[in-house]
Amino acid sequence: MAKQSLASAYVQIIPSADGISGKLAEVMGGEAASAGKISGKSLGSALVGNLTKVVAAAGIGKMLQSAFTGGTAFESAMAKVGTIADTAKVPLESLSSQVLQVSGDMHIGANEIAEAAYQAISAGQDTGNAVAFAGQASMLATAGFTSSASAVDILTTALNAYGKGADEAGHVSDVLLTTQNLGKTSVDELAGSMGRVIPLAAAYNVSLENLSSGLAIMTANGIATAEASTYTKSMLNELGDTGSTVGKILKQQTGKSFAELNADGKSLGDVLQVLDTLADKPDVIVVDPPRAGINYKALPKILKYGVD
């Protein structure tokens, strides 16, 4: 009798999942209201759907622990966001609502979106755009076989290096996924190595699309992503150095530096074709002798297929 009364009491006090959700939101209030609603619906569904099994206090305790876990984790994730977010601009409660909305729309866990938002703000993204940016990064992570943190890292690196706003995150994601599809690589691999080349490429006015095309070509032809990135970085350094052998030759032949040619719309393939006409072995002329071997594998691939 006592056990049956205990079970009945829970139903009499809060007879439905929606009721539990409302009560928890009311009790928790403020910034935790959204988390309370999630926990409440989970708890309510568990109690109402399994009423016949709720026959002991120990059983109810286990259900309570399970139901509250998701909401508590979300609350903690949002509290972490609150430590760096500009809550004067966007209150934490509003950020929580945005995260839940994006989570529902994209079918991605709210905790993952919250963590991505935290990483985005840490990398310099505006609080007002952080959640939308986090959603874009999470989609890239799923399609690119990587983590949200890695996706945020490569996206913010590209946006910051090229001086683009958060509204360009979708385009950058498309470029990275196209590189993945055309080459033998993944966004996960690109995030681990391409990120170290992007700032240099941007400094020499090599577009992200141009850089990505080169990596796609090289990886598609059997060069590992990390190696391709190393070759590319070394090659850009040589081409961009106005004091190097190739830098001087490029200036003599075109009247412009590597960075100036790129700014005029020339591609990496165009520049290498100019140099290719000057020697039978472009890998020798493109790099000074001490580092000639570093770029040997990369150059023939780009010269053969071009980089538009």
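Predicted model: local features only at pLDDT ≥ 70, side-chain atom pairs only at ≥ 80, totals over all residues.
1. The buried residues of helix α8 pack against α6 (110-122), α7, α9, α10 (187-193), α11 (198-203) and α12 (208-220). Contact here means heavy atoms within 4.5 Å. Helices (H or I, at least four residues) and strands (E, at least two) are DSSP runs, numbered from the N terminus. In α8, the buried residues are Ser 148, Ala 151, Val 152, Ile 154, Leu 155, Thr 156, Thr 157, Ala 158 and Leu 159. Buried means under 20% relative accessible area, exposed over 50%, and partly exposed in between (1.4 Å probe, protein chains only).

2. Residues are numbered from 1 along each chain as its sequence is written, and side-chain values use heavy atoms, with hydrogens and water left out.

3. The length of α8 (residues 148-162) agrees with expectation: at 1.5 Å a residue, its 15 residues should span 21 Å, and its end C-alpha atoms are 21 Å apart. The expected span of a helix is 1.5 Å times one less than its number of residues. Just after α8, Gly 163 takes a positive phi of about 65°.

4. For the chain as a whole, the model has 18 helices and zero strands. Of its 308 residues, 45% count as buried. Among contacts between residues at least 6 apart in sequence, 63% join residues at least 24 apart.

5. Helix α7 (residues 127-143) and helix α9 (residues 169-182) pack at an angle of about 5°, with their axes 10 Å apart. Axes are lines fitted to C-alpha atoms, for helices over the stretch in contact, and angles run from 0 to 180 degrees between N-to-C directions. The two helices, α7 and α9, are therefore roughly parallel to each other. Angles under 35 degrees count as roughly parallel, over 145 as roughly antiparallel, 65 to 115 as roughly perpendicular and the rest as oblique.

6. Which residues of α7 and α9 meet? From α7 come Phe 133, Gln 136, Leu 140 and Ala 143, and from α9 come Ala 169, Gly 170, Ser 173, Leu 176, Leu 177 and Gln 180. By class, the contact of α7 with α9 has six nonpolar, four polar and no charged residues. In this scheme Ala, Val, Leu, Ile, Met, Phe, Trp, Tyr, Cys and Pro count as nonpolar, Asp, Glu, Lys and Arg as charged, and the others, Gly among them, as polar.

7. Ala 134 also lies in α7 and, at 0% relative accessibility, counts as buried. Leaving aside neighbours within four places in sequence, Ala 134 is in contact with Ile 113, Ala 116 and Ala 117. The C-alpha atoms of Ala 134 and Ala 149, 15 residues apart along the chain, are separated by 9.4 Å.

8. Helix α5 (residues 92-106) has 15 residues, which at 1.5 Å a residue should span 21 Å; its end C-alpha atoms are 21 Å apart, in agreement. Its buried residues are Leu 92, Leu 95, Ser 96, Val 99, Val 102 and Ser 103. Seen down the axis of α5, these buried residues fall within an arc of 130°, so they line one face of the helix. The arc is that of the directions from the helix axis to the C-beta atoms.

9. His 107, in the loop between α5 and α6, has a phi near 55°; His 107 is exposed, with a relative accessible area of 74%. Asn 205, in the loop between α11 and α12, has a phi near 65° and, at 38% relative accessibility, counts as partly exposed.

10. Ala 77 is placed in helix α4 (residues 57-82) and is buried, with a relative accessible area of 16%. Neighbours within four places in sequence aside, Ala 77 is in contact with Asn 111 and Ala 114. Ala 77 and Ala 110 are 33 residues apart in sequence and 8.9 Å apart in space, C-alpha to C-alpha.

11. Thr 232 sits in helix α13 (residues 225-240). Is Thr 232 buried or exposed? At 3% relative accessibility, Thr 232 counts as buried. Not counting residues up to four places away in sequence, Thr 232 touches Val 197, Leu 211, Leu 215 and Met 218.
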